[in-house]
Amino acid sequence: MHQFSEEHTEVAYTQVKKMIVTKKLSPGQTIFQERLSEMLGIRLDPLNKALEQLATESILVHSPFGRMRVRELSTQEILETFDCRIGLETKATELFTHLAPQARIDDLRNLLVPFEKGIRSHTVFHKIDVYFHYLIMKNCGNQKLYELYQQGNFLSSMELIGLIDIPQQEVIQDHLNIVSAIHQRDAKKAAQLMAAHIERSKDAFYCG
């Protein structure tokens, strides 16, 4: 029974996060649990647990009267987040290139294989994009750097910013180029490619 409840919570978590990424739940929008429960066909108990999990990740924030709302990021906050990511992820990519075992590099490469045959679901693509950056940070070999990344809630910010209007194949090619430089253990090139990749997302957001 406990496992059954956990499975429903995971389903609710995935569906609500998808609604946030695709802007079906927009920034600042209040969540009415009863209405959302009916819409998703999920009981209130696992739904509320999923919402609490999203709140711990700073994707949702608590509102009066027991409600929650989707966290809002100002344009300035988003641009500053991109700048922080450039600094942290560029260094992490450099360290990862020097230190990561081949198995972790293969993990990065394998993430991209399904997308080489054409366009995939945008929500799946966004999830893989976020995980690509997470893997590099997690395995860069500098725990303090990773902790700073976690404390800055950069992963949740990527979820809140959602899909940015850049062709999927261009992003995949950026990732492939980064992996290629890492595979060659060219730390300088890998770091430069990562910085350019995040800068491109920043520019697309700002111009969009």
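The largest pocket in this predicted model holds about 630 Å³ of space. Here a pocket is an open set of points, on a 1 Å grid over the protein atoms alone, where a 1.4 Å probe fits and where protein lies on both sides within 12 Å along at least five of seven lines. Its volume is the space filled by probe spheres set on the points, with grid points joined across faces, edges and corners. The largest pocket is lined by 23 residues, and those closest to its centre are Y13, K17, K127, V130 and E159; a lining residue has an atom within 4 Å of a point. Two or more residues each come from α1 (2-21), α6 (122-138), α7 (143-151) and α8 (154-161), with α6 giving the largest share, seven residues. Helices are DSSP runs (H or I, at least four residues), numbered from the N terminus. The lining comprises ten nonpolar, seven polar and six charged residues, where Ala, Val, Leu, Ile, Met, Phe, Trp, Tyr, Cys and Pro count as nonpolar, Asp, Glu, Lys and Arg as charged, and the others, Gly among them, as polar.

The second largest pocket contains about 340 Å³ of space. Among its 22 lining residues, H126, D129, G162, I164 and S201 lie nearest the centre. Two or more residues each are supplied by α4 (75-99), α6, α8, α9 (168-183) and α10 (187-207). Helix α6 gives the most to this lining, with five residues. By class, ten residues are nonpolar, eight polar and four charged.

Residues are numbered from 1 along each chain as its sequence is written. Totals for linings use all residues of the predicted model.

Terms used: Predicted model: local features only at pLDDT ≥ 70, side-chain atom pairs only at ≥ 80, totals over all residues. Heavy atoms only, no water.
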